[in-house]
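Colleague: Could you walk me through the strands in this one?
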Amino acid sequence: MTTSNTVIKLHNTKTRKKSEFTPIDANNVRMYLCGPTVYDRAHLGNARPVVVFDVLYRLLLEVYGKQHVTYVRNFTDVDDKINATALSRKEAGAPGTLEELVAERTEETIGWYLSDMGKLGALEPDHMPRATQYIDQMITMIEGLIAKGHAYADGSGHVLFSVKSYDNYGQLSGRSVDDMIAGARVEIADNKRDPMDFVLWKPSTDELPGWDSPWGRGRPGWHIECSAMSQELLGADFDIHAGGNDLMFPHHENEIAQSCCANGDDSFAKYWLHNEMLQVEGKKMSKSLGNFFTVHDLLDQDIPGEVIRFVFMQTHYRKPMDWTEKKAGEAEATLRKWHALTAGIEPAANAAAAVQEALADDLNTAGAIAEMHKLAAAGDAASLLASARLMGLLTEELAGWATQPDLDLSAYEAQLLAARETAMETKDFSQVDRLKTAFIEAGLEVRMSKAGVELVPGSGFDPAKLEAVE
Ligand code: AMP
Ligand code: ZN
């Protein structure tokens, strides 16, 4: 059932063209996004696909109706990096078995992830499967692939996918198998019939997470996880498969090979969407350059999640995006203005047609924001609010930070500092105490150190109470 006449156009990596999006079943539009490997906090780049495809999810909900969209984003909770963190904790003397420490690590990381992404205004998908809950489906899929001659066991606990058995391998990224071998670090191993073959199943040690299988105790390879979970939750055919463009090869090529061979036809996702990468101040984010930070780091620096979301939306998802402090400052100023303009206003029944059209045009979020600037300039607050909410901006959940006025507290800080200096000489601290009490009663946190005085508004901050401070 279509609730609006909006025609959505999407750029499909598979065809390298922008085309009209026609769902397989308009009553159940289905989308899958490759989720994180849960070994540590999400960095800012990891948040880009989440925010970008959250906008698509919101648009689909708007166009097809809440009951007619299913969105799946997985958690990869079995991985060498997770095992490595658990191992180092164990070596540092943490109690519990290695398996328990692995579970502890994935649990805490998933909690952080959901909290951080929530603060960026990302709706939770309808399903968030964890790979470890779908091991049976993976084993069944691998057995099927072996039976059809697309995979083989090496006799020592590994199962490999035979890339030569699938003629269309490489079609998504448009590369030949030879190009891919040249471009990628393909691991040459004795157990592979062909260097391009990739792992579906591999052995595990007794201490690390592992599952019984026809090939011995082991664990799945990464690619088969997404094939099995998407099939279980969305079916063999579904509409949209999304992810960062770093996943196009090998991850998505391998998912396609597995799923199409398991299904026995060339069905699987119809539209493939890829976001470009995020950089920081013009450079690739990396620990060695010192410009690596997590979403949590930014939130901790009091950069509101809504500001991060806004900065992301200023760049089209298929273009590289640059995170800069300058952009964050400008985004904050714009959002403050928009919050003030829309305060106490009821949103219009619908987003402005121009905003919806921009989003429907392959998620032109930058174009949508330009339209919203026009609405703000024209004073059309109700339309601005409805339009912003379609993009997950100016929502009640995210608004908290902006309802607090951007008050300049420096005069009060100077007042307290001066009182302290006087008190150091007179040894009479009563004025300092009086000021501190008044600031605290106004809802400010008072931070006094040798370096100076800082007043930080807390959630109960009431600027009106400052007026009485003498
Ligand atoms: P990972 O946990 O490494 O598998 O990554 C999770 C998601 O983050 C994948 O969809 C990646 O494509 C995406 N991703 C990783 N780095 C960046 C980046 N710098 N910019 C945008 N997306 C990224
Ligand atoms: Zn995937």
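This is a predicted model: local features need pLDDT of at least 70, side-chain atom pairs count only at pLDDT 80 or more; totals for chains, interfaces and linings use all residues.

Colleague: Is β4 mostly covered or uncovered?
Modeller: Strand β4, residues 69–73, is mostly covered, with five of its five residues buried, where buried means under 20% relative accessible area with a 1.4 Å probe and protein chains only. Strands here are DSSP runs of E with at least two residues, and helices are runs of H or I with at least four, both numbered from the N terminus.

Colleague: Which residues sit on each side?
Modeller: V69, Y71 and R73 lie on one face, T70 and V72 lie on the other, and all are buried.

Colleague: In what sense do β3 and β4 pair?
Modeller: β3, residues 29–33, pairs with β4 in the parallel sense over five bridges; pairing requires at least two DSSP bridges between the strands. Among the partners, M31 is bridged to Y71 of β4.

Colleague: Changing topic, what is the strand order in the open sheet?
Modeller: The open sheet has four strands in the order β5-β6-β7-β8, with antiparallel pairing. Its edge strands are β5 (151–153) and β8 (218–220), each of which pairs on one side only.

Colleague: And how many bridges join β7 to β8?
Modeller: Three bridges join β7, residues 198–203, to β8, and the two run antiparallel; K202 has R219 as its bridge partner in β8.

Definitions and conventions. Residues are numbered from 1 along each chain as its sequence is written. Chains are lettered from A and ligands numbered from 1 in the order in which they are written. Side-chain values use heavy atoms; hydrogens and water are left out. Buried means under 20% relative accessible area, exposed over 50%, partly exposed in between (1.4 Å probe, protein chains only).
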